[in-house]
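Subject: Structure handover

Dear colleague,

Here is the structure I said I would pass on. Please open it alongside this message, as the notes below refer to it throughout.

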Amino acid sequence: MSPSRRTLISTAISALALTALATLPAQAQGLPKLKVGLMLPYTGTFAALGNAIENGFRLHVAEQGGKLGGREIEFVKVDDESDPSKATDNVNKLIKRDNVDVLIGSVHSGVAMAMAKVAKDTGTILIVPNAGADAVTGPMCAPNIFRSSFSNWQPGFAMGEVVAKKGHKKVVTITWKYAAGDESVKGFKESFEKGGGTVVKELNLPFPNVEFQALLTEIAAAKPDAVFTFFAGGGAVKFVKDYAAAGLKKTIPLYGSGFLTDGTLNAQGADADGLFTALHYADSLNTPRDNAFRLAYAKTYKLQPDVYAVQGYDAAQMLGIGMAAVKGDISKKAEFTAAVEKAKIDSPRGAFTLSKAHNPVQDFYLRQVGDKENKLVSIASKALADPARGCKM
Ligand code: PHB
């Protein structure tokens, strides 16, 4: 065979081999497992929330046969304790020591802001599966930062419209003094005051304190038409019980962003009955998509899912969409981002898309507690988008 013919044949064979290789799933090409850094609270007032997020995330991965974009998943877990002062160290360890490919976290807004800062500086892909810090999809927005949950402004804003329409004029707010509390109240105030109401007093206590007694006495003395609150996890359980025990439930209606009664109803018992809240999920959506999710979750974990489980599940879906688009090569960040940006995410809550700042544009449901469920009453706010104030992207 002439040398030129031999070169031609060997070039053709290499080309064929390359084509075959390109169509093989990444795992078959010997790509290592995708290292997913789960930075969540596994202790403290938000421990149950962290566990539900992880459960939801793992459920989606399991439904995909254990792989996203052709790569098996390896989890590296950190308990962030909902402590912002430890957050920068924790996230740096995940990136530098553990070499994670992607970050998932967290629940607490202060922790998530520290994660977003490091993600922005290093270009690591971050999907926030709960924390609502407005800044994450506001001034800190970035092509590699996504949220599968909500902004703190969203449920507050949705509830403010409801409370104004109910005809309440004077409202006292009560929450923890940190980003999530402050921003929920701000969102509430924006729509409530536009609707003709006035927030007459803003009460708060440091996170994660649960000594509510002095503040409940202040509420009783102020005699407002209604109270709006943001509490979540263990703190929400205690607040709802203390509000009822103080005798306020009978006299001053209590409204909240839906975290007040999500994942908490077994512990709150009858003290939560009848409460109205607004959130991007409810227990009785009764759609085929949600019913299938709820059944799978209950079978796998012997637990009912809540909003946190849904957000974890959707964080995994968003990662899966990006990973499929880059065929397992997460270093292709621009392609990853483009795919997630144009996706319609098939969430149990109802399909949603992302805003330009990468926050879900989604319906907010008015729910009422009954029979240990957050029952769907109506859609409080259709396709509500966070205003993304300060995001330049
Ligand atoms: C937050 O800190 O952003 C936060 C925590 C718990 C929730 C919701 C928001 O349920």
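This is a predicted model: local features need pLDDT of at least 70, side-chain atom pairs count only at pLDDT 80 or more; totals for chains, interfaces and linings use all residues.

Overall chain

The chain holds twelve helices and 14 strands. Its radius of gyration is 23 Å, close to the 21 Å that the globule rule gives for 393 residues, so the chain is as compact as a globular protein of that length. Taken along the principal axes, the C-alpha atoms fill a box of roughly 100 × 40 × 35 Å.

Of the 393 residues, 54% are buried. The chain exposes about 15,800 Å², and carbon and sulfur atoms supply 56% of that area. As for contacts in the chain with a separation of 6 or more, 69% of them are between residues 24 or more positions apart.

Helices H10 and H11

Two packed helices are described by the angle between their axes and the distance between the axes. For helix H10 (residues 288-301) and helix H11 (residues 307-325), the axes come within 12 Å and cross at roughly 105 degrees. Angles of 65 to 115 degrees count as roughly perpendicular, so H10 is roughly perpendicular to H11. On the H10 side, the contact is made by Arg-289, Phe-293 and Tyr-297. On the H11 side, Ala-309, Val-310, Tyr-313 and Gln-317 make the contact. Sorted by class, the contact of H10 with H11 has five nonpolar residues, one polar and one charged.

Ala-114

Ala-114 is in helix H4 (residues 109-122). Is Ala-114 buried or exposed? Its relative accessible area is 14%, and buried means under 20%, so Ala-114 is buried. Leaving aside neighbours within four places in sequence, Ala-114 is in contact with Ala-87, Thr-88 and Val-91. Ser-85 and Ala-114 are 29 residues apart in sequence, and their C-alpha atoms are 9.0 Å apart in space.

Backbone points to check

Most residues other than glycine have a negative phi, and most peptide bonds are trans. The following places depart from that pattern.

- Gly-105 to Ser-106: this peptide bond is cis, with omega near -5 degrees. Ser-106 is found in the loop between strand S4 (102-104) and H4.
- Phe-207 to Pro-208: these residues are joined by a cis peptide bond, and omega is about -5 degrees. Pro-208 sits in the loop between strand S8 (198-205) and helix H7 (213-222).
- Lys-302: phi is near 55 degrees, a positive value in a residue other than glycine. Lys-302 lies in the loop between H10 and H11. With a relative accessible area of 68%, over the 50% cut-off, Lys-302 is exposed.
- His-358: phi is positive, at about 75 degrees, although His-358 is not a glycine. This residue lies in the loop between strand S12 (353-354) and strand S13 (360-370). His-358 has a relative accessible area of 0% and is buried.

Regards

Terms used:
Residues are numbered from 1 along each chain as its sequence is written. Side-chain values use heavy atoms; hydrogens and water are left out. Axes are lines fitted to C-alpha atoms, for helices over the stretch in contact, and angles run from 0 to 180 degrees between N-to-C directions. Helices (H or I, at least four residues) and strands (E, at least two) are DSSP runs, numbered from the N terminus. Angles under 35 degrees count as roughly parallel, over 145 as roughly antiparallel, 65 to 115 as roughly perpendicular and the rest as oblique. Contact means heavy atoms within 4.5 Å. Ala, Val, Leu, Ile, Met, Phe, Trp, Tyr, Cys and Pro count as nonpolar, Asp, Glu, Lys and Arg as charged, and the others, Gly among them, as polar. The radius of gyration is taken over C-alpha atoms; the globule rule is 2.2 Å times the number of residues to the power 0.38. Buried means under 20% relative accessible area, exposed over 50%, partly exposed in between (1.4 Å probe, protein chains only). Accessible areas come from the Shrake-Rupley method with a 1.4 Å probe; for residues, only the protein chains shown count as cover.
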